[in-house]
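Dear colleague,

I am handing over the structure below, and after it I describe what was found. Please keep it open beside this message as you read.

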Amino acid sequence: MKIVLLGTSSAVPTLTRGLSSTALIRDGDIFLFDCGEGTQLQIMRAGIKRSHIHSIFIGHLHGDHLYGIAGLISTLHLDGREEPLNVFGPEGLRTFLNAAFRTGDLDFKFGLKVHEFPRGFRGRVLDENEYYVEALPLDHSIFCLGWRFQEKDRPGEFNLDRTIELEIPRGPLFGKLQRGETITLDDGRVIAPDQVVGPKRPGKSVAYCLDTQFTERSIELAHDCTALVHETTFGSEESDMARERKHSTMEDAARVAKEAGVETLIATHFSSRYDGRQLGRIADEARKSFEQITIGRDLLEIDI
């Protein structure tokens with residue numbers, strides 16, 4: 001999997017940072033988290049194929065996370081898209097989209113599936129064969145959902161050398177063992193899967209927490225994640241402002257990462273008051289609590 005940060009500014013864009021949007025790319029499918037103004041331009045700059053967008057997740061209905069979605073969907077319509085598009089978000093998202101598209105009298109050729117969730121919702125919103133996505137409410141000035149993309153456990157590694165030692169004939173029996181089925185050989189021996197297949201391999205996971213002040217729910221959502229994308233709007237010197245506006249400092253995000261046991265923290269959603277040098281200083285302070293911090297920047301790609 002790969003994360004591409006498309007926009008890392010909070011509230012307003014700057015000359016070097018666009019508004020909130022993050023792409024998660026897995027096996028060619030693109031999962032877009034938030035869609036601030038200018039997102040489709042950033043998608044093109046990143047070399048991402050917008051035709052491969054599988055689903056869009058909108059955490060809350062503030063404009064810096066939302067106002068780019070109507071333009072992006074309109075472009076997908078002009079592209080001649082035929083595959084259905086999933087859009088997930090809080091109640092009110094459908095009203096916003098209906099208002100945007102009513103004025104343009106658009107007749108989509110693809111199915112636009114809008115999934116809305118009421119205040120306080122938590123649960124699984126998407127469930128596929130190899131992965132699922134869960135939502136959990138964060139703590140912001142309006143109802144805001146955090147998201148967790150979780151790969152399901154993968155089968156253990158198949159030990160070919162061991163099958164040769166056990167004289168298991170190649171063919172359908174291999175497939176049965178890999179699917180977890182016990183087999184019986186012609187000579188009467190019973191072979192269990194764990195004799196030739198290693199333990200299941202845990203899937204990778206990404207938690208996305210924008211916007212929110214520090215909350216135990218972020219820790220719950222990000223528990224044991226491979227990567228945590230968390231807002232870091234302010235430095236610690238502005239902690240009072242962060243509390244007042246229900247945003248996080250980078251220290252807050254580092255605490256979430258540490259207590260959740262994540263492998264890496266990806267910091268994003270920076271106030272326009274900070275330049276790159278100031279963000280470096282803020283991150284150095286936060287690394288005293290949690291070392292593995294990546295300072296986000298627009299179009300940064302991170303393999304996970």
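In the largest nonpolar core, which has 30 residues, those that touch the most other members are Leu228, Met250, Val262, Leu265, Phe290 and Ile293. A nonpolar core is here a set of buried Ala, Val, Leu, Ile, Met, Phe, Trp, Tyr and Cys residues joined through side-chain atoms within 4.5 Å, and buried means under 20% relative accessible area, with exposed over 50% and partly exposed in between (1.4 Å probe, protein chains only). Two or more residues of this core come from each of β12 (205-209), α7 (216-221), α9 (250-260), β14 (264-268) and α10 (276-286), and the largest share, six residues, is that of α9. Helices (H or I, at least four residues) and strands (E, at least two) are DSSP runs, numbered from the N terminus. Apart from this core lies another, of 27 residues, including Leu24, Phe143, Trp147 and Ile304. As a general matter, nonpolar side chains tend to be buried together in soluble globular proteins.

Before going further, please note that this is a predicted model, in which local features need pLDDT of at least 70 and side-chain atom pairs count only at pLDDT 80 or more, while totals for chains, interfaces and linings use all residues. Residues are numbered from 1 along each chain as its sequence is written, and side-chain values use heavy atoms, with hydrogens and water left out.

Phenylalanine 290 is in contact (heavy atoms within 4.5 Å) with Ala254, Ala257, Lys258, Val262, Glu263, Thr264 and Leu265, when its neighbours within four places in sequence are left aside. Helix α9 also holds glutamate 251, which is partly exposed at a relative accessible area of 26%. With neighbours within four places in sequence again left aside, glutamate 251 is in contact with Ser236, Glu285, Ala286 and Ser289. The C-alpha atoms of glutamate 251 and glutamate 285 are 7.7 Å apart, although 34 residues separate the two along the chain.

Turning to the protein as a whole, its secondary structure comes to ten helices and 16 strands, and its C-alpha atoms fill a box of roughly 75 × 55 × 35 Å, taken along the principal axes. Of its 304 residues, 52% are buried. Among contacts with a separation of 6 or more, 63% are between residues 24 or more positions apart. The accessible surface is about 14500 Å², and 46% of this belongs to carbon and sulfur atoms; such areas come from the Shrake-Rupley method with a 1.4 Å probe, and for residues only the protein chains shown count as cover.

How is helix α3 (residues 69-78) placed in the structure? Eight of its ten residues are buried, so helix α3 is largely enclosed by the rest of the structure; the buried ones are Ile69, Ala70, Leu72, Ile73, Ser74, Thr75, Leu76 and His77. Just after α3, glycine 80 takes a positive phi of about 85 degrees.

Two further residues can be set beside each other. Serine 20 has its place in the loop between β1 (2-7) and β2 (21-26), and it counts as buried because its relative accessibility is 1%. Glycine 104, in helix α4 (residues 93-104), is partly exposed, with a relative accessible area of 43%. The C-alpha atoms of glycine 104 and leucine 265 are separated by 41 Å.

Grid points are joined across faces, edges and corners, and a volume is the space filled by probe spheres set on the points.

The largest pocket has a volume of about 170 Å³, and of the 14 residues that line it, Ser10, Ala11, Thr233, Arg245 and His247 lie nearest its centre. The largest cavity holds about 50 Å³ of space, and its lining is made up of Ile3, Thr22, Ala23, Leu24, Phe33, Phe149, Val206, Tyr208 and Val229. Strand β2 gives the most to the lining of the largest cavity, with three residues.

With best wishes

Technical notes:
On a 1 Å grid over the protein atoms alone, a cavity is a set of points where a 1.4 Å probe fits but cannot get out, and a pocket is an open set with protein on both sides within 12 Å along at least five of seven lines; lining residues have an atom within 4 Å of a point.
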